[in-house]
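This report covers covalent links, backbone geometry, charge pairs and the domain interface. Please read it beside the coordinates.

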Amino acid sequence: MSNAPSQSPCLSKPCRNNSSCRALYQLNDFWCECQANYSGRYCEKWLVEIPGDVCMYGKGDKPGVFFTPMAGKIYSTRLVHISGKVSCTPEDESNWGYHSFIDTILTDKDDHVVFPEDQIANYYELPGFTGNSPELVLTFTSPLVVNAGQEYRLWYWEDLVNDTEEDNKPGSSCMKVIYLFSD
């Protein structure tokens, strides 16, 4: 006599976005085998790439601007460096900041700090990343709820606060913006 349930835990079709449900009868549970670019227990989260490159500048009040294409929740934002450098001195060019510090700040359209989550516009440390990492992953402790067409800005922090930017390199650091999203 088997202790396995007679009904499949996949009967309710819990997996989303064309994923496959795999029954774990002994545990009376399931797991979802997600399609490419989807994740989460139910494959409810997916990667959204903002079209085109987003470029922030080291000075001149020039953030990299992007818009959310749909309403939902952002769990993390991945910034992939494409080209260029920013710097707080001509000798210290980097993708995101200065040595072990990150100088990349995410704000809303009114320049209210969204990341880092302490909402202080200053350089910070991000475990696992440096100013020259090929990418950054900004993970939110609570999902960021967004509307379609909402504007966000990526700043080099000295440019955002207009502090000691006179010696900054005027060039840009350009990136792809990809976020983990759900509706």
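A search of the whole structure finds four disulfides (pairs of cysteine sulfur atoms within 2.5 Å). The model is predicted: local features need pLDDT of at least 70, side-chain atom pairs count only at pLDDT 80 or more, and totals for chains, interfaces and linings use all residues. Residues are numbered from 1 along each chain as its sequence is written, and side-chain values use heavy atoms, with hydrogens and water left out.

**Covalent links and charge pairs**

The torsion about its S-S bond is about -80°, so the disulfide of C10 and C21 is left-handed. C10 sits in the segment before β1 (20-24) and C21 in strand β1, so the pair ties together parts 11 residues apart in sequence. Strands here are DSSP runs of E, at least two residues long, numbered from the N terminus.

Salt bridges number nine (a side-chain nitrogen of Lys or Arg within 4 Å of a carboxyl oxygen of Asp or Glu). One of them pairs D53 with K176. D53 lies in the loop between β4 and β5 (54-57) and K176 in strand β14 (residues 172-182), so this pair links parts 123 residues apart in sequence.

| Pair | Link | Distance |
|---|---|---|
| D53 and K176 | salt bridge | closest N and O atoms 3.1 Å |

**Backbone geometry**

Most residues other than glycine have a negative phi, and most peptide bonds are trans. Which residues does a cis peptide bond join? They are F115 and P116, with omega about 15°. P116 is in the loop between β11 (113-115) and β12 (135-146). C43 has a positive phi, near 60°. C43 lies in the loop between β3 (38-39) and β4 (45-49).

The domain assignment, automatic or from a database, gives domain 1 (8-43) and domain 2 (45-182). Their C-alpha centres lie 34 Å apart. Contact (heavy atoms within 4.5 Å) takes five residues from domain 1 and four residues from domain 2.

The area buried between the domains is about 400 Å², with 51% from carbon and sulfur atoms. Buried area is the accessible area (1.4 Å probe) that two parts lose on being put together, summed over both. N37, Y38 and S39 supply 73% of the area that domain 1 buries against domain 2, more than any other three residues.

How many salt bridges cross the interface of domain 1 and domain 2? The rule finds zero. The side of domain 1 that touches domain 2 has two nonpolar residues, three polar and no charged. Here Ala, Val, Leu, Ile, Met, Phe, Trp, Tyr, Cys and Pro count as nonpolar, Asp, Glu, Lys and Arg as charged, and the others, Gly among them, as polar.

Conventions. Helix = DSSP H or I, 4+ residues; strand = E, 2+ residues; numbered from the N terminus.
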